[in-house]
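Work through the following exercises with the sequence and the structure side by side, and try each task before reading its solution.

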Amino acid sequence: MPKPHILILIDWFLPGYKAGGPIQSVRNLTLAMKEHFRFSILTTNTDEGSDEPYEGVVTNQWIAFDEHTDIYYCSHDQLSRQTIHDQIEARNPDYLYINSLFSLPFTIWPLQYVRGKKGNPQAVLAVRGMLHKGAISIKRWKKLAFIQSLKFTAVHKQLIWQATDEQELKDIKAFFGSSMKVRLSSNFPRQHQEKWQSLDKRPGEAKLVFHSRVSPKKNLDFLLPFLKGKDGVSLDIIGPMEDKEYVAQLKSLIEVHQIKARFLGPIPPQELQKKLANYHVSCLPTKGENFGHAIFEALLAGKPVWISDQTPWRDLEAKKVGWDISLSDVQAWTTVLDKIWNMDQAAYDDWSKTAWEYAKGVKESKETRESSIRLFQPIDL
């Protein structure tokens, strides 16, 4: 019996990496589920925020990405509704896997293709945290208008919606209606994990790292004032910096509070775990994540995480792998920094190794694999 064929639609993909989580989720899925599904990927030939095509990548034709996955890198001058529809027709997939809620070429145009059709291809839509209250608050009215226009077409009633946790399931039904066909299926985490290694840690020091998109949603401006006047604390900021105004705001805060901080820019994901080995704790005071690959990457490297409570990663202190704190509890953020700052070698090694072991358990979970299989099952329309 042939494997079901999934055509993945995503604005940016490897070798790009600046779009962060969705790229990682899709790649991890194709690697982990290759025994169950056949994959094709339709994407663009540039990284997010860049006009430069990937060097050495063949465009505007289907090529083999690996032995289980074909890919079509569309150049921007050829990107049109007709191109998207033609390539869907040419691949004749069982499922379309749409990886954005607010993309014209990779959400709206594919949905126009399936609108009103019964049978294949069935569309599965991953909203990627875009309905979370922290995400929807940014450019709110534009996003709400987009949602209303989608509902007006009634195509939302034909979709299989992917929710990565219970909160996202509630968000989908709140915006689109309680009758939506929503399936719980967590994002696939990275499977490769380096060996655990100790990092020197003395009381009175804390090497912190922020490794995510540098944008208002990630909320780094909230964290910076807590680092003021704390000797021995340093912060490296790793990630794309497309929002120039926000970066300027952060640099001003760093200067005003005299914080020891550096902007290192983005780094390829295959280099991240080795880079994270140089830090004690990973920080992400985000306004909302539906998964948070940056959080998992830190845990995978044996780094406790210091994050907001706006992610699925909860009760971390009880598990001795980090701290998830309400953004309204200012005192708690100060208290946690003191705990990190005061840790000695033995205490830090204990937290670090526990974080590494916790991540190992997450990546080996059978439930993630089984929920991905359930996600791509047919529904009656």
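**Exercise 1: a helix and its surroundings**

Helix H10 (residues 293-300) is largely enclosed by the rest of the structure, because 8 of its 8 residues are buried. Here buried means under 20% relative accessible area, exposed over 50% and partly exposed in between, with a 1.4 Å probe and protein chains only. The model is predicted, so that local features need pLDDT of at least 70 and side-chain atom pairs count only at pLDDT 80 or more, while totals for chains, interfaces and linings use all residues. Residues are numbered from 1 along each chain as its sequence is written, and side-chain values use heavy atoms, with hydrogens and water left out.

Task: find which elements the buried residues of H10 pack against.

Solution. Begin with the buried residues of H10, among them His293, Phe296 and Leu300. Helices (H or I, at least four residues) and strands (E, at least two) are DSSP runs, numbered from the N terminus. Then look for contacts, meaning heavy atoms within 4.5 Å: the buried residues of H10 pack against helices H1 (21-32), H9 and H13, and against strands E9 (206-211), E12 (281-284) and E13 (305-308). Finally, look past the end of the helix, where H10 is followed by Gly302, whose phi is positive, near 80 degrees.

**Exercise 2: a pair of rings**

Task: classify the ring pair formed by Phe37 and Phe376.

Solution. Rings of Phe, Tyr and Trp (its six-membered ring) pair if their centres lie within 6.5 Å, and planes under 30 degrees apart count as stacked, over 60 as edge-to-face and the rest as tilted. The structure holds 18 aromatic pairs. For Phe37 and Phe376 the ring centres are 5.5 Å apart and the planes stand at 65 degrees, so the pair is edge-to-face. Because Phe37 lies in the loop between H1 and strand E2 (38-44) and Phe376 in the segment after H14 (366-375), the pair ties together parts that are 339 residues apart in sequence. To finish, check the accessibility, which is 4% for Phe37, a buried residue, and 2% for Phe376, also buried.
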